[in-house]
Amino acid sequence: MSKIRRMRGFLTTSSGVSPLVVRSVGTACAAVLALAPPAVASAPAVAGGGRAGEAVAGSTRSLPLVPLGRERVLGAAPEQGLRRTGLARFALVGVVWDDAGSELRGRVRVRTRSALTGEWTGWQDVETHTAGHGADPGTAERAARGVRGATAPLWVGPSDGVDVRVRADGPDGDGPARNVRGALPPGLRLELVDPGEDTGGPGRAGTAGEAGEAPAVGVAAGEPPSTELDTEAAIAASGANADIAAFGTTEIPELDGPATVAELTKLQGPVRGKPYIGPRPKIVTRRGWGADESLRERGFVYTKRIKAAFVHHTASGNKYTCAQAPSVIRGIYRYHVKSMGWRDIGYNFLVDKCGTLYEGRAGGVAKAVLGAHTLGFNTDSMGVAVLGTYGTTRPPGAAVTAVARLAAWKLGLYGADPRAKTSLTSGGGDLYPKGKNVRLNVLSGHRDGVATECPGRLLYAKLGTARADAARYQGR
């Protein structure tokens, strides 16, 4: 009972709690009291041990980069890197540095050795222009100790060796940065992330031909697993969805149109006029993709409402299968929290290439959870990220459809038309100063608010289709 009291406390004391949240607190606590013990006792077993929706704990290894010989050559750009073999397994990599306000103006290239075949991959570029992601300036999350600058994470699959090269732009390089041109930011470190071994659950339902694949990663030493429902953090994360789903569920089921309208009435009371809301799509919960709730900060932070949705790509590469998507998400989650110092994963929702939707930042999928996805515009918005890199790769139709379905439902909860425009107040960024009122599409790309290529040229080109489809799903 003490865990339930504490959960009620931090559900109701978080700043900026919306009316929708307040109405659901009693329901969430009641659901925990009624369902928590049976959920722990009766969660179905899955192949490989454990309960559905759980994952073997992962780990993060941080290695300092060292100067390479080339930087000693007169006039050459500084270069750092390292090469290691015989490492514990990892599946996602990234480079971080000390100052979150500095940008790495240069090129990061990496190759890895497969833990399954022993073969080295070719060199891959890691996306370095990520300054437009993160919490808004002046917020507690942005100012927290341990927040670091970082590249995008890159999914490399199960690996045991790495070779990385980081080289700064020369004196004639371009792009904004607080560090000196031609120099690398201090404190460069390579992050090797093992997201843990997937043990099953709905989030692993892959496409045809994926059933026989080897697990995404192996069991590795790290923090003890904390996905069981008897932990306070896991109780809170699951309880935050108790207004629309059974406590402890790994998957929030889809609803048809009439059932969605009935749920809207239950959440908000009688709706005046015709309710423009799309049918609720299926969403894999944090428990479904195996989130280790011990990693994130406790409590949830909410904004007042959702006026806009920003579409992102994760820039983590496209070399993943749909069966591996939960592992990719666990890797990004761990990278955002352990490597970059954020309070939780930055995105509110994620979508894989097969169109499966996943709950991102904890706090409740129907609620206005404050994310860390679009620098300066996190307030009164949500962020949805498509797993992959879509600058030169066409996004799968299933992923674009999933974005439209999510937008139709979530924006519909707050009365927003995905074809319309809305006004957001900038919290400060590289395109708009703090306090400026900016007119944006209700369904925008990340680049609309920040100087970035995200969500990639080809995904951005599909947003018109997503807007039209989302409006149609809402019955407009």
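Arg113 counts as partly exposed, because its relative accessibility is 21% (buried means under 20% relative accessible area, exposed over 50%, and partly exposed in between, with a 1.4 Å probe and protein chains only). Its partner is Asp160: the two side chains meet in a salt bridge at 3.0 Å, N to O. Asp160 itself is buried, with a relative accessible area of 17%.

Before going on, a word on where this comes from: the model is predicted, local features need pLDDT of at least 70, side-chain atom pairs count only at pLDDT 80 or more, and totals for chains, interfaces and linings use all residues. Residues are numbered from 1 along each chain as its sequence is written, and side-chain values use heavy atoms, with hydrogens and water left out.

**Salt bridges**

Back to that pair. Asp160 lies in strand β8 (residues 154–168) and Arg113 in strand β5 (residues 106–114), so the bridge ties together parts that are 47 residues apart in sequence. Strands here are DSSP runs of E with at least two residues, helices are runs of H or I with at least four, and both are numbered from the N terminus.

How many salt bridges does the structure hold? There are 18 salt bridges, each one a side-chain nitrogen of Lys or Arg within 4 Å of a carboxyl oxygen of Asp or Glu. Here are some of them:

| Salt bridge | N to O distance |
|---|---|
| Asp160 and Arg113 | 3.0 Å |
| Arg286 and Glu293 | 3.0 Å |
| Glu453 and Arg447 | 3.7 Å |

Arg286 and Glu293 are both buried.

**Two crossing helices**

Now for helix α8 (residues 397–413) and helix α10 (residues 463–473), whose axes come within 8 Å and cross at roughly 45°. That makes α8 oblique to α10. Axes are lines fitted to C-alpha atoms, for helices over the stretch in contact, and angles run from 0 to 180 degrees between N-to-C directions. Angles under 35 degrees count as roughly parallel, over 145 as roughly antiparallel, 65 to 115 as roughly perpendicular and the rest as oblique.

Which residues meet? On the α8 side they are Val400, Thr401, Ala404, Arg405, Ala407 and Ala408, and on the α10 side Ala466, Asp469, Ala470 and Tyr473 (contact means heavy atoms within 4.5 Å). Sorted by class, this contact has 7 nonpolar, 1 polar and 2 charged residues.

Note on methods
Nonpolar A, V, L, I, M, F, W, Y, C, P; charged D, E, K, R; others polar.
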